[in-house]
Amino acid sequence: MTTANSIVLSPSDNVVVANGRLEKGTALPGGAATADAIESGHKVAIRAIPAGSAVVKYAQAIGRATQDIAAGQHVHSHNLVFEAGRMPVVPPSAPLEATETDKGRTFMGYRRADGRAGTRNFVGIVASVNCSATVCHAIADEANRRLLPLYPGIDGFVPIVHGQGCGMSATGDGMMVLHRTLAGYARHPNFGGVLMVGLGCEVNQLTLYGQKGVAAGKRHFNIQDAGGSRKSVEKAMGVLAEIAEEVGKLQREPIPVSEIVVGLQCGGSDGMSGITANPALGAAVDLLAGVGAIGILSETTEIYGAEHLLAYRAATPEIADKLDRLIKWWENHTAMHGASIDNNPSPGNKRGGLTTILEKSLGAVAKGGQTPLNGVFAYAEKVTGSGLVFMDTPGYDPVSATGQVAGGANVIVFTTGRGSCFGSHPTPSIKVATNTTLFEAMEEDMDVNCGVIASGDRTIAEMGREMFELIIETASGKKTKSEQFGYGDNEFVPWHLGATL
């Protein structure tokens with residue numbers, strides 16, 4: 001419920017969220033008044049909360065009061081701490097339903113020879129190792145200068161470079177994750193063609209990819225074999241000219257919307273993220289699930305404390321158990337490095353009104369809507385099935401999005417309350433602002449303004465429908481703000497696991 005100055009998320013909550021800056025003495029629901037000025041997105045108690053009692057938001061405990069909190073007082077890091085306990089699950093409400101017309105809709109995409117559906121038609125230059133990164137950038141620059149004007153049907157030649165590939169074990173989790181990620185990009189349907197470039201002496205040998213059909217024939221080579229950096233650029237021009245001749249002829253065609261795969265991201269969250277943009281994206285996911293498409297929820301460290309809500313919706317006990325095992329792995333992983341998952345809320349998150357990981361997670365889970373959870377996948381694993389699924393990733397946005405794209409996401413929707421700047425290649429990224437102040441301040445980066453939900457001008461369902469339509473338009477070729485600016489060359493960040501040797 002939104003009032004003129006505050007937002008009540010559940011009748012059982014003992015805090016409300018400031019809907020704009022509240023001056024001292026502002027009247028609150030329940031008859032209390034603010035004891036001090038409260039910034040937008042921050043929490044204020046609407047009834048007394050004794051020390052040691054649960055602070056309740058979204059009808060869930062987000063932590064424990066460290067001191068007595070009077071009605072009207074600001075509730076934040078100074079009087080609220082992380083609490084690992086969970087309140088009973090509130091059954092999800094009915095998901096927003098797709099219509100029969102929705103189910104029959106199509107988007108204009110690229111049908112690949114193996115049946116996959118792409119939303120863009122890029123050519124990728126993929127580095128096997130950090131040592132070939134500069135050459136891959138040079139190849140992409142030269143191809144965009146010399147070849148792209150000749151083939152307007154190609155969206156661009158893009159470098160996919162990273163800082164790994166050598167100084168690591170040839171076996172183990174680190175190499176497995178890197179290999180799976182690079183193979184996922186090399187096979188991505190938004191690439192019409194791919195050239196892989198190595199140095200020649202690295203641990204992550206190109207032959208590992210050629211053996212599995214990822215880099216076939218002449219579409220991969222090593223700099224050392226080509227005779228050096230400049231000769232490698234010229235060699236690449238010949239290979240890319242052949243690829244461009246094929247890829248440049250491709251045309252968009254109608255493809256069922258059920259073949260859209262959306263990566264769900266949030267970064268630079270604020271107190272409005274779980275109230276406006278994330279629930280609205282969740283409503284769009286409900287519609288996507290209703291037409292047979294896929295929504296990938298990720299960022300395991302940012303569902304911590306709310307994983308029970310997803311487990312409650314798991315389609316099978318096995319899916320719920322797999323999610324639980326991921327949470328336990330992360331607890332052990334962070335403890336091993338002397339950290340806690342509650343370290344996750346960033347300084348920017350806290351300035352925006354978020355206090356604990358539980359509070360952040362309850363808002364983050366809202367991106368998944370109300371639909372059942374149909375699968376749990378490893379980082380960069382190929383995603384299959386339909387509806388809402390979960391992929392294990394860190395909360396760090398570029399790493400998480402990289403895993404989603406490797407898993408097959410052909411569109412990303414990224415919500416932000418503080419103003420995260422992000423875009424990826426080869427997958428277009430839709431940026432969603434949680435509040436109108438941010439949208440107006442950074443309109444050149446934001447595609448959607450969900451601040452209209454807090455103002456009462458639009459409902460969550462209406463904004464969910466708007467995002468659903470924008471996803472289809474983007475899949476059909478509409479450029480996002482991040483694409484227009486040129487984001488994507490530096491946002492490929494595979495998860496780095498294991499020892500550096």
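Strands here are DSSP runs of E with at least two residues, and helices are runs of H or I with at least four residues, both numbered from the N terminus. The structure is a predicted model, in which local features need pLDDT of at least 70, side-chain atom pairs count only at pLDDT 80 or more, and totals for chains, interfaces and linings use all residues. Residues are numbered from 1 along each chain as its sequence is written, and side-chain values use heavy atoms, with hydrogens and water left out.

Strand S1 (residues 6-7) and S2 (residues 15-18) run antiparallel and are joined by two bridges; two strands pair if DSSP finds at least two bridges between them. S2 also runs antiparallel to strand S3 (residues 43-45), this time through three bridges.

Taken as a whole, the protein chain holds 16 helices and 21 strands. Its radius of gyration, taken over C-alpha atoms, is 24 Å, close to the 23 Å that the globule rule gives for 501 residues, so the chain is as compact as a globular protein of that length. The globule rule is 2.2 Å times the number of residues to the power 0.38. Along the principal axes, the C-alpha atoms fill a box of roughly 75 × 50 × 45 Å.

A further set of strands forms an open antiparallel sheet of three, in the order S4-S5-S7. Strand S4 (54-57) and strand S7 (80-81) each have a single partner strand and stand at the edges, so one side of each is left without a neighbour in the sheet. Two bridges pair strand S5 (residues 60-65) with S7, and Arg64 stands opposite Val81 of S7. Helix H11 (residues 357-365) lies across S4 and S5 and runs at about 165° to S5. Such angles run from 0 to 180 degrees between N-to-C directions, with axes fitted to C-alpha atoms, for helices over the stretch in contact.

Strand S8 (residues 106-111) has pairings of its own. Four bridges link S8 to strand S14 (residues 253-256) in the antiparallel sense, with Met108 opposite Pro254. S8 also pairs antiparallel with strand S9 (residues 117-118) over two bridges, and Arg111 has Ala117 as its bridge partner. S8 and S9 form a hairpin with five residues between them, and Gly115 in the turn has a positive phi of about 95°.

The axes of helix H7 (residues 277-290) and helix H15 (residues 460-475) come within 7 Å and cross at roughly 60°. The two are therefore oblique to each other, a class that remains once angles under 35 degrees (roughly parallel), over 145 (roughly antiparallel) and 65 to 115 (roughly perpendicular) are set aside. Residues in contact (heavy atoms within 4.5 Å) include Leu281 and Leu288 of H7 and Met463 and Phe468 of H15. The contact residues divide into 13 nonpolar, one polar and one charged. Here Ala, Val, Leu, Ile, Met, Phe, Trp, Tyr, Cys and Pro count as nonpolar, Asp, Glu, Lys and Arg as charged, and the others, Gly among them, as polar.

Helix H3 (residues 173-186) packs against helix H12 (residues 397-406) at an angle of about 55°, with the axes 8 Å apart. That makes H3 oblique to H12. Thr181, Gly184 and Tyr185 of H3 meet Thr402, Val405 and Ala406 of H12.
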